[in-house]
Amino acid sequence: MNTSNANRRSCIGRIRSGSKRGNRCNNKKGSMRSIQSILSLSSILILLFISIESSYHCKAWKIGNKKDENDESDKTAESESASASATTPADTNTKQAVAASSTTPTPTTILEAEARTARELSRTVSTLTKDLKSCNSRIDSIKSGFQNLYSMHLTQIDGLRKCKEGMISSSDLQQILDSNNDKFTNNNEETTTKALMEQAQATITEQQRTLQNEQLATKHKQLILQLETQVHQLRLRETAWERTISELVARKDLLERRENAWTRTIGELMADIEIRNKREWWWEEMKSEMEGRIGGLSYQAVLERYGPGPHRVSMIVDLDDTQHEVIIELAPINLMPHSVHTFLSQVSEGYWSEGTPAIVMNPGHVLQACPHPCLETKAMGGSYPGDPYVDMRHAGLDSVSFQEYHLEYPHEKYTIGFHSGPEFYINLMNNTLDHGPKQTIPKEALGDDEVDDETALEPDPCFGKIISGFEVIDKISEEGITRGDLPDESKETKDGDDEVELSDSLLIQPVRIVSMSIILDSDDSSTSEDVRDEL
């Protein structure tokens with residue numbers, strides 16, 4: 001039962017494939033009808049060609065006959081003209097009559113022309129016969145091919161019917177179909193003529209050649225387009241490179257001009273620097289010369305007025321309502337002549353004995369003293385108007401002429417030094433780094449004001465030292481209360497347009513300097529006023 005069902009399914013598949021093959025057979029029958037119609041048309045064309053050839057040969061036969069007649073007439077005319085000179089006019093007339101009668105064609109020439117035409121017609125007929133036979137053989141082969149195809153189709157239909165009814169199996173049906181296909185293929189190969197194969201092969205070759213030519217033409221067009229695109233890109237690049245080169249050339253010219261300008265500027269700057277160096281050197285030379293002259297004059301003045309030294313000054317201070325003496329010994333005049341001369345002149349002129357000179361500031365590392373009337377100035381909390389040292393300035397004693405300094409007399413503890421004016425200070429510690437030469441100090445260790453101000457780099461003159469009264473100096477520095485020691489709310493302030501900020505280093509109770517006098521080396525204890533009177 002299962003076997004019969006399988007056979008039915010396989011038969012149904014075969015039937016479907018057979019129907020497809022039947023369709024192919026019907027297509028082949030249609031092509032057979034088209035071939036028969038083509039052959040009928042070719043036979044009609046062959047008959048037309050035969051009739052045209054026969055008419056052409058008839059015309060040729062007529063033309064040949066005319067040519068033969070013309071040749072014979074020419075020959076008779078020549079013979080008659082040759083014999084005309086020996087005959088009479090009567091004979092001439094008789095000859096013309098005979099020549100006129102001889103122009104009609106003879107039976108011999110007609111037979112030759114007909115024989116020639118018959119031979120041509122026989123050759124044409126034999127050629128047409130061969131062509132007709134070849135056409136008939138092609139038709140017969142096509143008919144036999146279609147008959148074989150039709151018989152194979154009937155055989156397949158019969159096998160499918162038997163397979164469907166269960167008379168044969170699917171394998172037997174497959175064998176029948178394969179055998180029919182082999183027979184049809186062999187018959188087709190045997191019946192197909194060489195002419196048809198050559199014609200088909202020529203058509204296929206022509207199509208392939210046409211396709212290849214089209215493909216080559218398409219490739220050539222694409223290649224031409226690519227080349228045109230590349231050429232366009234190269235032209236654009238060339239234009240861009242030309243612009244770039246022109247820009248580079250312009251930049252090069254600009255840089256060369258700038259380089260020349262910088263060269264000229266550097267040359268001018270080097271010349272200015274050289275001139276400034278020369279001026280600075282000249283100024284230093286002149287400054288050194290002037291300082292030497294001032295030092296020499298000061299040395300001579302101290303030597304003539306105060307003697308060779310050592311020069312000592314007695315300073316009386318009022319501390320806690322008690323007067324104390326502090327003795328200052330000045331530097332040798334060969335080391336610090338100008339500073340010693342300035343201080344001795346201030347003392348001898350009484351600027352440190354008149355009014356209210358005092359020790360007013362204690363910043364911690366020095367004690368600063370100022371002459372009269374510094375306590376009454378606005379910087380000290382007073383109300384003195386104008387310049388307090390105008391008299392000293394007129395006398396040329398308000399400050400030293402230059403920052404005199406000697407390495408053998410540094411700013412050690414208990415030494416005396418000038419800063420910028422008539423005030424002097426007492427060093428409470430070794431202040432050589434702060435008040436000595438600053439050329440050897442790195443600029444990073446200096447303040448912004450000291451770096452910008454060239455005079456700030458110059459050392460302060462150190463012109464004396466305390467040799468007696470150390471306890472008085474220590475007591476002032478230790479017990480002296482400054483404004484910085486007070487709380488902020490206790491600091492005095494002043495209202496008004498001329499308000500001046502007071503320094504936190506100011507002593508709340510300044511130490512008044514009662515007097516200051518020069519101690520002479522002679523046995524008599526003469527005062528500075530006596531020395532001034534004597535001079």
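This dialogue walks through a few local features of a predicted model.

Trainee: Which residues form a nonpolar patch on the surface?

Mentor: A nonpolar patch is read from side chains that have over 30% relative accessible area and lie within 5 Å. Here the patch consists of Trp262, Ile266, Leu269, Met270 and Ile273, and together they have about 550 Å² of accessible area.

Trainee: Where does Ile273 lie, and in which helix?

Mentor: Ile273 belongs to helix H5, which covers residues 194–305.

Trainee: Why is Ile273 called partly exposed?

Mentor: Exposed means over 50% relative accessible area and buried means under 20%, with partly exposed in between. Ile273 is partly exposed because its relative accessible area is 43%.

Trainee: Which residues does a cis peptide bond join?

Mentor: Look at omega. Gly309 and Pro310 are joined by a cis bond with omega of about 5°. Pro310 sits in the loop between H5 and strand E1 (312–319). The bond from His372 to Pro373 is also cis, with omega near 5°. Pro373 sits in the loop between strand E4 (366–370) and helix H7 (390–395).

Trainee: Which residue has a positive phi although it is not a glycine?

Mentor: Asp320 does, with phi of about 60°. Asp320 is in the loop between E1 and strand E2 (322–330). Tyr414 also has a positive phi, of about 70°, and is not a glycine. Tyr414 is in the loop between H7 and strand E5 (415–418).

Trainee: Is Asp320 buried or exposed, and is Tyr414 buried or exposed?

Mentor: Asp320 counts as exposed because its relative accessibility is 54%. Tyr414 is buried because its relative accessible area is 15%.

Notes: Residues are numbered from 1 along each chain as its sequence is written. This is a predicted model: local features need pLDDT of at least 70, side-chain atom pairs count only at pLDDT 80 or more; totals for chains, interfaces and linings use all residues. Side-chain values use heavy atoms; hydrogens and water are left out. Patches are made of residues with over 30% relative accessible area and no salt bridge: like charges are joined within 9 Å, nonpolar side chains (Val, Leu, Ile, Met, Phe, Trp, Tyr) within 5 Å. Accessible areas come from the Shrake-Rupley method with a 1.4 Å probe; for residues, only the protein chains shown count as cover. A salt bridge is a side-chain nitrogen of Lys or Arg within 4 Å of a carboxyl oxygen of Asp or Glu. Helices (H or I, at least four residues) and strands (E, at least two) are DSSP runs, numbered from the N terminus. Buried means under 20% relative accessible area, exposed over 50%, partly exposed in between (1.4 Å probe, protein chains only).
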